[in-house]
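The following note collects points for a colleague who is about to examine this model.

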Amino acid sequence: MSTMTLPDTDTRPENTEQTSDDQPEVFHYVLKDKIAESAVMGSHVVALCGEVFPVTKSAKPGSPVCPDCKKVYESLPPGGGDE
């Protein structure tokens with residue numbers, strides 16, 4: 001599994017919208033350090049697009065990404081390589 005790293009803004013797609021068969025419609029980019037906290041504590045995260053939601057599922061490779069999150073992510077400067 002790979003994650004994308006940005007300076008001061010580590011992100012990973014997380015879902016909010018569900019379809020009738022319980023598959024996520026789109027996943028959002030959120031701060032990486034907030035994902036585990038949200039999953040364990042049930043707290044809400046804020047996506048790059050501004051959507052606020054609790055983390056319930058993780059994205060799989062090839063999952064659809066929120067177009068607004070993608071635009072914001074692509075406009076950010078390259079990450080700092082702190083792998």
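1. A residue is taken as buried when its relative accessible area is under 20%, and as exposed when that value is over 50%. At 1% relative accessibility, Ser38 therefore counts as buried. The model under discussion is a predicted one.

2. Ser38 belongs to helix 1, which spans residues 32-41. Apart from neighbours within four places in sequence, the residues in contact with Ser38 are Ser43, Val45, Pro54 and Val55.

3. As to overall architecture, the protein contains two helices and four strands. Read from the N terminus, these elements follow the order β-β-α-β-β-α.

4. The largest nonpolar core consists of eleven residues: Val26, Tyr29, Val30, Ile35, Val45, Ala47, Phe53, Val55, Cys66, Cys69 and Tyr73. At least two residues of this core come from strand 2 (27-31), and at least two from helix 2 (67-75). In soluble globular proteins, nonpolar side chains tend to be buried together. Val45 and Val55, both members of this core, are also among the contacts of Ser38 listed above.

5. Burial across the protein should be noted as well: 28% of its 83 residues count as buried. The accessible surface amounts to about 5,300 Å², and carbon and sulfur atoms account for 53% of that area.

6. Finally, a point on contacts along the sequence. Considering contacts between residues at least 6 apart in sequence, 43% join residues at least 24 apart.

Terms used: Residues are numbered from 1 along each chain as its sequence is written. This is a predicted model: local features need pLDDT of at least 70, side-chain atom pairs count only at pLDDT 80 or more; totals for chains, interfaces and linings use all residues. Side-chain values use heavy atoms; hydrogens and water are left out. A nonpolar core is a set of buried Ala, Val, Leu, Ile, Met, Phe, Trp, Tyr and Cys residues joined through side-chain atoms within 4.5 Å. Buried means under 20% relative accessible area, exposed over 50%, partly exposed in between (1.4 Å probe, protein chains only). Contact means heavy atoms within 4.5 Å. Accessible areas come from the Shrake-Rupley method with a 1.4 Å probe; for residues, only the protein chains shown count as cover.
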